[in-house]
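Subject: Structure handover

Hello,

Here is the structure you asked to look through. Please open it first and then read the notes below.

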Amino acid sequence: MSDAITSEDSLTRAAGRQLLTFAFFAIAGIALLMVGLAWASSLTGAASGGNNAVDPETGTLTVFLREEPPQLNSSLSTDQVSGSVLGHVIEGLLRYDEHNRLVTAVAERWEIREHGATFWLRQDALWSDGEPVTAHDFVFAWKTGLDPANASEYAFILYAIKNGEAINRGELPTSTIGARAIDDHTLEVDFERPLAYFDKLVAFSTYAPLREDFYLATSGAYGADADKILYNGPFVIESWVHGASLRMRKNPLYWDRERAKVEVIDFAYITSDANATLNLFKDDKIAYATLQAENLNNAMEQRWHIDRFMDGSVFYIEFNHREGRLTANHHLRKAMQLATDSAELVYKVTKLPGYLPGESLFPVWLQGVDGYLREEYPANYPAMDLEQARWHLEQAKAELGIDEFPPLVLLTGDNPISNIQAEYYQQVFRKNLGLDLKIDKQIFKQRLAKMLSGDFDLVLAGWGPDYDDPLTFGDLFASWNLNNRGQYRNPELDKWVRVAQNEQDTKARMDAFGEIQRIIIDDAVILPGYERGVTYVTHPQMKGMVRRAVGPDPDFTNAWIEG
Amino acid sequence: MWRYTLKRLIQGIITIWFIATATFFAMHNVPGDPLINDRSVTEDIRANLEAKYGLNRPTHEQYLIYMGNILRGDFGISFTQKNRMVNDIIREHFPVSAILGILAVVFAGLGGVLWGALTALYRNRLPDVIIMFLVILGISVPSFVVAAIAQLTLVNLNDLFGFSVLPVAGWGTLWHMLVPSMVLGLGTMAYLTRLMRSSMLEIVNSDFIRTAKAKGLPPTRIFTTHQLRNAILPVITVLGPSIAAITTGGFVVELVFAIPGLGRYFVQAVQQLDYTVIMGTTVFYGAFLVFMVIVVDLLYGWIDPRVRLE
């Protein structure tokens with residue numbers, strides 16, 4: 001072979017030069033192709049991004065959406081992203097201000113009685129086409145939400161209105177709704193039963209107004225595109241490119257023009273990838289981003305402005321209380337309760353910034369009589385006690401008449417945090433009680449289907465608030481509640497839920513929540529895991545962004561740009 | 001030639017029908033359905049929803065209705081994006097995925113051929129060792145890692161220069177396409193490089209190259225006309241499926257770079273059990289894949305006349 005090397009080398013060199021020429025042509029070709037494709041993509045109109053995070057000159061704030069809103073029809077929307085967008089562009093009777101207090105919005109004053117309420121609407125509240133917002137628009141919206149033909153998933157929140165439930169079941173026509181427009185600016189509501197927290201309900205988006213003529217003109221596609229929505233909030237949606245971006249501009253017809261400080265809020269990116277949003281934040285392209293545990297140290301080194309808030313949700317293990325299930329046994333649940341420590345889960349295992357160890361069904365931020373509910377009614381959650389736990393386990397074995405427990409099925413979602421949690425519990429119960437858990441990992445809908453049909457022993461579940469009252473958590477384990485997926489049944493708990501629903505006196509209601517909390521812990525209905533916190537970074541020039549557990553989050557209505 | 005094309009087309013249609021049927025029944029047999037949500041609804045609301053979407057009929061009846069609609073080119077309305085037609089979702093978002101995909105395939109194809117040829121020329125020498133090391137990396141590192149690293153590099157690059165050299169994420173201009181399409185094409189490029197290298201090496205030792213050398217052809221001619229042209233054939237074969245794989249597999253890249261492509265609808269639909277979107281995207285992508293394979297087979301006959309189309 002050695003004699004052939006010279007000729008091989010000359011061939012190689014010549015071929016190498018040839019390749020270089022080809023490479024040159026290839027790069028030129030690719031460049032040309034890119035110009036062509038860029039032109040083609042401009043035809044599709046799906047452009048997003050480009051501006052800096054804040055632009056004081058034009059008053060533009062650039063941020064992101066975690067997901068594309070499925071649609072923006074306030075009477076049908078269910079998800080949090082839609083709620084956040086709607087909170088900027090639609091206004092109900094009342095709203096939450098930057099300190100999370102209920103304040104007047106379309107209603108300028110209101111009165112709540114035992115059996116009904118009256119709202120007096122302001123004269124200068126206008127729709128984005130210049131027409132006034134009237135009491136009729138609210139009545140129409142509520143009828144729409146309750147109409148069985150529309151199948152709104154949040155219709156239940158309108159059941160507070162007289163005949164609401166019967167209308168939604170199709171037993172009564174929508175015209176029998178217990179809400180009337182006395183005149184254009186006076187709205188009267190009758191309650192189904194005495195209710196102390198109706199003011200908190202009307203701040204929810206299902207209660208937002210819809211104008212009949214416009215709604216019907218969209219022939220079923222209301223809320224599908226920016227021009228198929230009528231706005232009455234501080235902002236209007238200027239453009240909505242599905243999957244790519246959503247851009248809001250200050251509403252010139254809004255009655256409280258001083259409230260919106262920035263001219264444009266540009267949701268220029270739609271992605272749920274936490275690293276991508278953090279990278280965009282680093283690149284000064286968006287004004288806030290959520291931090292993951294692994295980015296926290298870096299964020300502190302960079303001296304970024306870090307904030308945190310509780311997003312309102314609690315997460316826990318829910319037992320299957322159906323008859324015949326091992327987990328229906330009180331002693332087995334007690335044993336598992338006493339063998340776990342949520343502080344270990346939160347601080348040593350998941351280690352996510354801002355999370356709190358779970359102790360109760362009621363999260364810490366809920367208001368009680370004068371202060372926080374959890375300060376007035378401490379959870380007194382039992383500390384880990386392995387001796388007691390094993391005693392309960394023996395009792396359970398005796399009661400069930402078995403020597404050894406078969407593996408219990410732990411149903412979980414397929415996200416990273418569920419995986420970590422499931423493995424942690426698997427290990428804890430094996431070590432502390434000699435109990436085996438079989439992890440059944442399912443994607444979103446499958447997990448829900450199995451929860452509904454009761455195909456589990458334990459499930460990693462959670463709950464987020466719909467309105468700002470402890471009842472949004474408190475009635476979860478009532479025997480009639482459809483979201484009571486473990487089918488826990490306890491007449492005593494039901495009794496206290498009825499008190500909380502119907503009682504007018506705040507102290508008596510909060511006492512009821514105290515009792516509900518006690519029962520849930522004493523009977524080990526659930527094993528609290530954690531309360532979710534969110535840690536995030538904001539642009540130094542952006543001020544006044546509001547995060548909240550109940551209501552539109554995040555809220556940029558009051559945000560402004562400094563400098 | 002025409003007979004062959006027709007035969008392939010009919011086979012393709014049967015394949016697509018099979019894909020649609022299998023997906024339909026598989027989808028209806030997993031636990032859960034698109035109507036289940038975080039908040040449980042009453043029996044009445046559930047019944048209303050089922051009636052609205054026709055889910056209250058027996059599965060085989062739904063199948064016949066659905067197939068009838070597909071034949072008319074109507075994929076129905078999405079369950080999660082409640083007011084959007086699946087046809088609109090495909091029409092609005094597939095072009096984005098296609099643009100990204102085309103560019104990625106061109107990167108992968110040209111890059112694979114060039115690097116493959118280069119490594120074959122310099123086999124067992126430094127360029128070969130370096131490139132083959134990178135190729136192994138390219139094949140084994142998953143795209144979400146590559147995408148994240150690429151994006152972080154962009155952030156640091158912009159930070160270094162003090163202005164926006166290349167956008168970190170987003171879509172719309174020429175500059176938005178460059179890095180995402182390279183990331184998307186990287187795995188395929190690595191694979192094609194390896195394929196091209198081995199195919200080149202096989203040909204170098206073949207008789208017709210020896211003949212070409214013996215009759216005194218200039219080296220560039222031997223390389224271009226005899227080696228490259230013959231070695232490229234296997235690359236063309238896998239290019240068709242690669243185009244489909246790249247165009248449909250952009251989910252991660254689309255998510256990381258916030259690109260409004262079809263890939264994320266494809267994946268999210270499965271997680272949400274959004275029946276109509278699952279069917280629409282699967283049938284559409286299936287048809288696309290079948291079409292690409294046929295095109296490549298036809299191209300094959302054109303590049304290598306020895307291949308008979310029959």
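What percentage of the 310 residues of chain B count as buried? The answer is 52%, where buried means under 20% relative accessible area, exposed over 50% and partly exposed in between, with a 1.4 Å probe and protein chains only.

Before the rest, some ground rules. This is a predicted model, in which local features need pLDDT of at least 70 and side-chain atom pairs count only at pLDDT 80 or more, while totals for chains, interfaces and linings use all residues. Residues are numbered from 1 along each chain as its sequence is written, chains are lettered from A and ligands numbered from 1 in the order in which they are written, and side-chain values use heavy atoms, with hydrogens and water left out.

Chain B overall

Chain B has twelve helices and zero strands; helices (H or I, at least four residues) and strands (E, at least two) are DSSP runs, numbered from the N terminus. Its C-alpha atoms fill a box of roughly 85 × 60 × 30 Å along the principal axes. Of the contacts in chain B with a separation of 6 or more, 73% are between residues 24 or more positions apart. Contact means heavy atoms within 4.5 Å.

Two helix pairs

Two packed helices are described by the angle between their axes and the distance between the axes. Axes here are lines fitted to C-alpha atoms, for helices over the stretch in contact, and angles run from 0 to 180 degrees between N-to-C directions.

In chain B, the axes of helix 11 (residues 263–272) and helix 12 (residues 275–303) come within 9 Å and cross at roughly 130 degrees. The two helices are therefore oblique to each other: angles under 35 degrees count as roughly parallel, over 145 as roughly antiparallel, 65 to 115 as roughly perpendicular and the rest as oblique. The crossing of helix 11 and helix 12 of chain B is left-handed, a term for the near helix being turned anticlockwise from the far one by less than a right angle, with clockwise being right-handed. Helix 11 of chain B contributes Gly263(B), Tyr265(B), Phe266(B), Ala269(B) and Val270(B) to the contact, and helix 12 of chain B contributes Val277(B), Ile278(B), Thr281(B), Thr282(B) and Tyr285(B). By class, the contact of these two helices has seven nonpolar, three polar and no charged residues. Here Ala, Val, Leu, Ile, Met, Phe, Trp, Tyr, Cys and Pro count as nonpolar, Asp, Glu, Lys and Arg as charged, and the others, Gly among them, as polar.

In chain A, the axes of helix 10 (residues 342–350) and helix 13 (residues 416–433) come within 11 Å and cross at roughly 120 degrees. That angle makes helix 10 of chain A oblique to helix 13 of chain A. Their crossing is right-handed. Residues making the contact include Glu344(A) and Leu345(A) of helix 10 of chain A, and Ile417(A) and Tyr424(A) of helix 13 of chain A. The contact residues of this pair divide into seven nonpolar, two polar and one charged.

Cores

The largest nonpolar core has 223 residues, and Phe119(A), Trp142(A), Phe198(A), Tyr207(A) and Ile237(A) have the most contacts inside it. A nonpolar core is a set of buried Ala, Val, Leu, Ile, Met, Phe, Trp, Tyr and Cys residues joined through side-chain atoms within 4.5 Å. Helix 4 (residues 86–121) of chain B gives the most to this core, with 18 residues. A second, separate core of 32 residues includes Met336(A), Phe429(A), Ile521(A) and Tyr530(A).

Single residues

Asp523(A) sits in the loop between helix 17 (506–522) and strand 18 (526–538) of chain A. With a relative accessible area of 18%, Asp523(A) is buried. Leaving aside neighbours within four places in sequence, Asp523(A) is in contact with His330(A), Arg333(A), Tyr488(A) and Asn490(A).

Asn124(B) lies in the loop between helix 4 and helix 5 (126–140) of chain B.

Lastly, the peptide bond from Asp553(A) to Pro554(A) is cis, with omega near -5 degrees. Pro554(A) is in the loop between strand 19 (542–543) and strand 20 (560–561) of chain A.

Regards
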